[in-house]
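The following note sets out points for discussion on the structure shown below. Each numbered point may be read on its own.

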Amino acid sequence: MATTLAEAAETVESVEYAARLDHVSKSFAGPGGQQLVLDDITLDVAPGEFVTLLGASGCGKSTLLNLVAGLDEPTAGTITTDGRAALMFQEHALFPWLTAGKNIELALKLRGVAKPDRRGKAEELLELVRLKGAYRKRVHELSGGMRQRVAMARALAQESRLLLMDEPFAALDAITRDVLHDELTRIWEETGLSVLFVTHNVREAVRLAQRVVLLSSRPGRVAREWTVDIPQPRRIEDAPVAELSIEITEVLRGEIRRHGQH
Amino acid sequence: MASTETKTTATKPASTALAGVEAGLDALDVVTPAGRVPFRRTFVDKILPPIVATALLLVVWQITFKVVDDPTKLVSPLDVWNTLRDAWLQGELLGYIWTSVSRGLLGFLFALALGTPLGLLVARVKFVRAAIGPILSGLQSLPSVAWVPPAVLWLGLNNSMMYAVILLGAVPSIANGLVSGVDQVPPLFLRAGRTMGATGLRGTVYITLPAALPGYVAGLKQGWAFSWRSLMAAEIIASFPDLGVGLGQLLENGRNASDMSMVFEAILLILLVGIAIDLLIFSPLERWVLRSRGLLVKS
């Protein structure tokens with residue numbers, strides 16, 4: 001049985017997951033000895049799937065993304081990804097010494113795209129995030145929302161199958177954030193990317209995801225999962241979104257309450 | 001069939017509406033670049049104040065000259081002007097300046113070529129940093145005049161001695177500037193770079209060095225100031241006829257001849273050249289680096 005499964009996995013060309021976390025734990029050296037941040041996380045992201053990781057402070061969301069991005073090594077367990085993942089941060093992390101277009105071109109260059117192809121590809125990506133005229137703009141000349149869209153274009157330039165997003169809209173105003181939710185959903189549908197999106201905003205998680213994974217805090221464990229069947233395009237104000245958000249919030253608060261009872 | 005049709009017609013307008021909202025948001029958020037400042041305002045804000053200050057200084061100088069009334073201690077602005085004009089008419093003025101400036105800039109370029117790799121080494125290699133980092137920052141507080149006597153003993157009274165003194169003065173500044181520039185690179189940039197595949201040498205070339213540029217340029221600016229000061233110290237202490245007359249020697253010659261006008265002429269020229277090089281080379285470089293990154297707020 002096991003051999004047939006392994007054989008089957010080898011013969012199938014496409015990988016069946018964009019990311020696979022198998023019993024992943026991570027601890028850091030703290031003041032009181034080793035501090036466990038992530039405890040036995042097992043999680044699969046299917047190709048083309050949109051998963052949000054939800055949790056309160058101290059659930060190790062960012063640590064988890066760092067592990068998946070390969071910026072850090074797990075203490076135990078294994079992480080497999082389909083190629084290198086692209087990562088987007090809460091801060092745009094665009095390089096201020098380059099124009100918007102050149103930021104994207106740097107990602108292309110580091111990926112090995114030949115020089116003559118870079119310009120056109122960068123403009124295509126800018127068009128995808130609807131910033132056609134921004135090629136020559138410096139980072140400081142762009143608004144917060146525009147910066148995050150350039151950052152998104154730069155992440156897409158890496159042509160990863162998996163896009164990791166670390167609270168990318170948390171610092172934006174509510175109006176811009178709503179618009180970027182719509183944009184992200186559109187781009188996700190157009191590109192067929194897998195997305196692992198970290199947030200502490202329950203409604204944002206439900207608005208965007210096909211699957212919401214709730215992490216408990218200190219240490220981070222998978223507490224519960226929800227499949228979101230609400231058809232896209234959704235809005236954050238939609239009744240089904242609100243309903244599920246209330247349900248998830250209740251569980252989340254229950255998790256948080258446990259930390260106050262010592 | 002019918003359902004697909006309704007679906008496409010339903011999503012298309014939604015998508016164009018979204019694009020419209022987004023374009024509107026972008027337009028509202030965009031920072032309108034400040035228009036060109038009219039010359040009158042630049043004149044009143046930036047050019048007039050130093051002119052007034054200089055004029056006041058000249059007036060105070062003239063009054064003090066009248067009060068002191070001793071040409072061996074203080075000469076009038078007009079005397080200094082005449083000395084300058086004579087030097088110009090005799091074709092010597094540019095010679096003095098060029099002797100010093102060419103030495104200073106050449107020495108600075110040597111310091112740049114040495115200080116940059118040294119700074120990079122200290123910034124990136126832990127052992128090197130622990131070993132010579134403190135010495136390097138300590139050297140910055142050592143007045144470079146202190147290097148003149150040993151340099152004369154090592155190398156004799158020649159141009160190499162001057163360059164040695166410039167290097168000892170400027171290399172620590174340039175290296176330290178680069179080190180603090182690298183230290184101040186936001187970790188976020190390094191993380192972003194690493195996820196894009198900029199690790200090792202590629203990370204240094206594409207992320208660390210460009211991100212460290214503002215600190216590096218500040219170091220260059222300070223390095224030039226140190227080069228110039230070191231050179232003047234060397235020229236004053238080690239004045240020797242064969243070395244040609246630079247501004248430092250001019251000052252020393254003025255002292256030997258008890259010629260107060262010549263002393264003031266030399267001091268004035270040293271000051272003006274230092275300011276001119278900074279205004280022509282280093283300040284524009286620094287402004288360009290900061291402005292292109294949005295770090296310079298127009299006042």
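1. The model under discussion is predicted.

2. Helix α3 of chain B spans residues 77–89 and helix α11 of chain B spans residues 260–292. Their axes are 9 Å apart and form an angle of about 75°. Angles of 65 to 115 degrees count as roughly perpendicular, and α3(B) and α11(B) are therefore described as roughly perpendicular to each other.

3. Elsewhere in chain B, B:Pro186 is found in the loop that links α7 (159–183) to α8 (187–195). Because B:Pro186 has 12 C-beta neighbours inside 10 Å, it counts as exposed; the cut-off for that class is 12 or fewer. Between B:Pro186 and B:Leu114, which are 72 residues apart along the chain, the C-alpha separation is 26 Å.

4. Turning to chain A, the domain assignment gives domain 1 as 17–85 + 161–262 and domain 2 as 93–159. The C-alpha centres of domain 1 and domain 2 of chain A are separated by 26 Å. Ten residues from domain 1 of chain A and eight residues from domain 2 of chain A make up the contact.

5. Which helix supplies the largest share of the side of domain 1 of chain A that touches domain 2 of chain A? Helix α6 of chain A (residues 174–191) does, with five residues. By class, the residues on this side of domain 1 of chain A are seven nonpolar, two polar and one charged.

6. An unreviewed UniProt entry lists residues 19–244 of chain A under "domain: ABC transporter". In the model, this span of chain A is 35% helix and 28% strand, and its end C-alpha atoms lie 26 Å apart.

7. A:Asp40 belongs to strand β2 (residues 33–45) of chain A. Is A:Asp40 exposed or partly exposed? With 16 C-beta neighbours inside 10 Å, A:Asp40 counts as partly exposed. Leaving aside residues up to four places away in sequence, A:Asp40 touches A:His23, A:Ser25 and A:Arg221. From A:Asp40 to A:Ala114, 74 residues apart in sequence, the C-alpha to C-alpha distance is 42 Å.

Key. Residues numbered from 1 in each chain as written. Chains lettered and ligands numbered in written order. Predicted model: local features only at pLDDT ≥ 70, side-chain atom pairs only at ≥ 80, totals over all residues. Domains from an automatic or database assignment. Contact = placed C-beta atoms within 7 Å. Helix = DSSP H or I, 4+ residues; strand = E, 2+ residues; numbered from the N terminus. Nonpolar A, V, L, I, M, F, W, Y, C, P; charged D, E, K, R; others polar. UniProt positions renumbered as here; feature names shortened; annotations may be inferred. Axes fitted to C-alpha atoms, helices over the stretch in contact; angles between N-to-C directions. Parallel < 35°, antiparallel > 145°, perpendicular 65-115°, else oblique. Buried ≥ 20, exposed ≤ 12 C-beta atoms within 10 Å, placed from the backbone.
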